[in-house]
Amino acid sequence: MNKKYLLVPFECIGLQIFFALLSMVFYISVIPPMLFSFFSAWLFLWTLHSTFWQLGNKERKQIAIANRHLDDGVSIIRQKRYKGALIALPFFVINITILLLTYITNNDILVFVESFLHFSFSGFLPLVNDTLDNVYVSSRLLVCLAMYIPCVTAYISGSYNFSITEIVFPKILYKSKPGNKQD
């Protein structure tokens with residue numbers, strides 16, 4: 001396995017810590033928590049998406065270059081689109097492990113660490129009580145899934161060189177006038 005694949009989960013954990021700190025710094029009690037969490041979680045998920053999209057797109061380009069330089073009779077190399085799910089799996093497993101350890105032990109330090117890591121999503125999560133119930137686990141499990149799914153889909157869309165933002169944003173920003181037609 002390539003060294004860069006081993007570093008990607010650590011990059012994701014670093015991004016998660018960075019956005020948790022950033023969310024804490026910019027948290028203002030004037031803004032409703034759900035609205036604040038919507039923007040902080042969206043920025044964090046967008047960053048994860050961008051990381052995996054670039055990884056999938058870079059591998060697509062590398063495979064295209066390698067296929068152009070193949071010898072005669074050698075079969076072409078195909079990109080494994082499921083690789084994004086495998087690369088993001090350690091990041092998902094780390095978050096699930098912390099969640100399950102927190103639920104099983106109900107240790108204050110682990111509850112603090114888990115709450116810190118998910119602070120970007122804090123407006124969507126119920127408050128922590130003395131006893132950790134199924135609502136605690138299910139809500140935080142959904143957060144873990146919400147962090148994993150964009151990684152998988154972003155790698156796939158990067159491997160196809162498909163980006164909705166490149167299609168939609170230019171149309172919004174550079175809207176042409178109805179009488180102006182360019183050839």
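**Working chat: patches, rings and bridges**

Trainee: Which residues make the nonpolar surface patch of about 820 Å²?

Mentor: M34, L35, F38, F39, W42, L43, W46 and F124 make that nonpolar patch. Patch residues have over 30% relative accessible area and no salt bridge; like charges are joined within 9 Å, nonpolar side chains (Val, Leu, Ile, Met, Phe, Trp, Tyr) within 5 Å. Accessible areas come from the Shrake-Rupley method with a 1.4 Å probe, and for residues only the protein chains shown count as cover.

Trainee: What should I know about the source?

Mentor: This is a predicted model: local features need pLDDT of at least 70, side-chain atom pairs count only at pLDDT 80 or more, and totals for chains, interfaces and linings use all residues. Residues are numbered from 1 along each chain as its sequence is written, and side-chain values use heavy atoms, with hydrogens and water left out.

Trainee: Why does L35 count as partly exposed?

Mentor: Because its relative accessibility is 43%. Buried means under 20% relative accessible area, exposed over 50%, partly exposed in between (1.4 Å probe, protein chains only). P33 also lies in helix α2, and P33 is partly exposed because its relative accessibility is 43%.

Trainee: How far apart are P33 and P90 in space?

Mentor: 30 Å, C-alpha to C-alpha. In sequence they are 57 residues apart.

Trainee: Now rings. How many aromatic pairs does a search of the whole structure find?

Mentor: Eight. Rings of Phe, Tyr and Trp (its six-membered ring) pair if their centres lie within 6.5 Å; planes under 30 degrees apart count as stacked, over 60 as edge-to-face and the rest as tilted. One of the pairs is F18 with F19, edge-to-face at 5.4 Å centre to centre and 85° between the planes.

Trainee: Is F19 buried or exposed?

Mentor: Buried, because its relative accessibility is 9%. F18 is partly exposed, because its relative accessible area is 46%.

Trainee: Why is the pair of Y27 and F119 edge-to-face?

Mentor: Their planes are at 75° and their ring centres 6.3 Å apart, so Y27 and F119 get that label. The pair links distant parts of the chain, 92 residues apart. Y27 sits in the loop between α1 (3-26) and α2, F119 in the loop between α4 (108-117) and α5 (134-159). Y27 is partly exposed because its relative accessibility is 34%. F119 is buried because its relative accessible area is 18%.

Trainee: Which residues form one aromatic cluster?

Mentor: F18, F19, F44 and F121.

Trainee: And what lies over the face of Y160?

Mentor: R81, at 3.9 Å from the ring centre. A charge sits over a ring if NZ of Lys or CZ of Arg is within 6 Å of the ring centre and within 35 degrees of the ring normal.

Trainee: Switching to charges. How many salt bridges does the count come to?

Mentor: Two. The rule asks for a side-chain nitrogen of Lys or Arg within 4 Å of a carboxyl oxygen of Asp or Glu. E59 and K83 make one of them, at 3.7 Å, N to O. E59 lies in helix α2 and K83 in helix α3 (residues 83-105), so this bridge ties together parts that are 24 residues apart in sequence. E59 is buried because its relative accessibility is 4%, while K83 is partly exposed because its relative accessible area is 25%.

Trainee: Which residue meets R140 in a salt bridge?

Mentor: E114, at 3.1 Å, N to O. R140 lies in helix α5 and E114 in helix α4, so the pair ties together parts 26 residues apart in sequence. Both R140 and E114 are buried.

Trainee: How many residues does α5 have?

Mentor: 26. The helix reaches 37 Å from its first C-alpha to its last, close to the 38 Å expected at 1.5 Å a residue. The expected span is 1.5 Å times one less than the number of residues.

Trainee: What follows α5?

Mentor: N161, with a positive phi near 55°. Most residues other than glycine have a negative phi. N161 lies in the loop between α5 and α6 (164-173). N106 is not a glycine either, and has a positive phi of about 55°. N106 is found in the loop between α3 and α4.

Conventions: Helices (H or I, at least four residues) and strands (E, at least two) are DSSP runs, numbered from the N terminus.
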